[in-house]
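Here are my notes for you to read with the model open beside them. Take the points in order and find each spot as you go.

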Amino acid sequence: MTLPDAYTVRPAGPQDAAVIALHRGQMFVDMGSLTPDGAAAQQDLWTGWLGNAIAAGEYVAFLAQHADPAHHTGQVVAGVGLMFHPKIPTLQDPALHRAHVLNMYVAPGHRRQGLAEALMHAALQEARRRGLRSVNLNAAPMGRGLYQRLGFVDSTSPEMRLTLLDGTP
């Protein structure tokens, strides 16, 4: 995967938490899951959590930067994150963790240039480096084609969810 000129991919550090949180909010706004005000209300919470999780190695992220020749710096225009969840080993997959991809976001002016694919390659390489064989994600409609090209398939998992509220069983 070759990136277009002026783009680079790099690992994120705790100092990148605010931009990752901003991208996370915009991702939910783009999907229609949050309003802009709803996303803005989460920013401080997400920034604090991400900064701590990155520092502790509980969240790994990769960011795509676009060079800004006028300022000799790179603007972060895209990113992806990974978390590693414990799992029971099997003979087919003896690893003790499963990678979960989240927070994939590419700013609108930088889409359709291969950034999401480059970021996914970096994330999958990290999972392989850790000896993991299982990676899952929640695919937004915009990303499904990319994920399918990379080999992701719909899960047959019968997962169900319950939101616990006061007074529920």
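This is a predicted model: local features need pLDDT of at least 70, side-chain atom pairs count only at pLDDT 80 or more; totals for chains, interfaces and linings use all residues.

1. You'll find His110 in the loop that runs between strand E4 (97-106) and helix H3 (115-129). Leaving aside residues up to four places away in sequence, His110 touches Tyr7, His66, Val77 and Leu115.

2. Is His110 buried or exposed? Buried means under 20% relative accessible area, and His110 has 15% relative accessibility, so it counts as buried.

3. Asp93 is another loop residue to look up; its loop lies between E3 and E4. Because its relative accessibility is 11%, Asp93 counts as buried. Apart from residues up to four places away in sequence, Asp93 touches Lys87, Arg133 and Ser134.

4. Next, have a look at E4 itself. Of its 10 residues, 8 are buried, so the strand is largely enclosed by the rest of the structure. E4 pairs with E5 in the parallel sense, over 3 bridges. To see how they line up, find His100, which stands opposite Asn136 in E5.

5. On to the empty spaces. Rolling a probe the size of a water molecule over the atoms shows where space is left. The largest pocket holds about 820 Å³ of space. Its lining is made of 31 residues, and those nearest the centre are Met104, Ala140, Met142, Gly143 and Tyr147.

6. Which element gives the largest share of that lining? That's E4, with 7 residues. Helix H1 (17-31), E4, H3 and helix H4 (144-149) each supply at least two residues of the lining. Sorted by class, the lining of the largest pocket comes out as 16 nonpolar, 8 polar and 7 charged residues.

7. The second largest pocket has about 590 Å³ of space. It is lined by 18 residues, with Asn136, Leu137, Val153, Asp154 and Ser155 the closest to its centre. Strand E5 (135-137) and H4 are the elements that give two or more residues to this lining. By class, the lining of the second largest pocket has 6 nonpolar, 8 polar and 4 charged residues.

8. Last, the cavity. How many cavities of 30 Å³ or more does a search of the whole structure find? The search finds 1, and the largest cavity has about 40 Å³ of space. Its lining consists of Ile20, His23, Tyr59, Ala61, Leu63, Gly79, Val80 and Asn103. H1, strand E2 (60-68) and strand E3 (73-86) each supply at least two of the lining residues.

Key:
Residues are numbered from 1 along each chain as its sequence is written. Side-chain values use heavy atoms; hydrogens and water are left out. Helices (H or I, at least four residues) and strands (E, at least two) are DSSP runs, numbered from the N terminus. Buried means under 20% relative accessible area, exposed over 50%, partly exposed in between (1.4 Å probe, protein chains only). Contact means heavy atoms within 4.5 Å. On a 1 Å grid over the protein atoms alone, a cavity is a set of points where a 1.4 Å probe fits but cannot get out, and a pocket is an open set with protein on both sides within 12 Å along at least five of seven lines; lining residues have an atom within 4 Å of a point. Grid points are joined across faces, edges and corners, and a volume is the space filled by probe spheres set on the points. Ala, Val, Leu, Ile, Met, Phe, Trp, Tyr, Cys and Pro count as nonpolar, Asp, Glu, Lys and Arg as charged, and the others, Gly among them, as polar. Two strands pair if DSSP finds at least two bridges between them.
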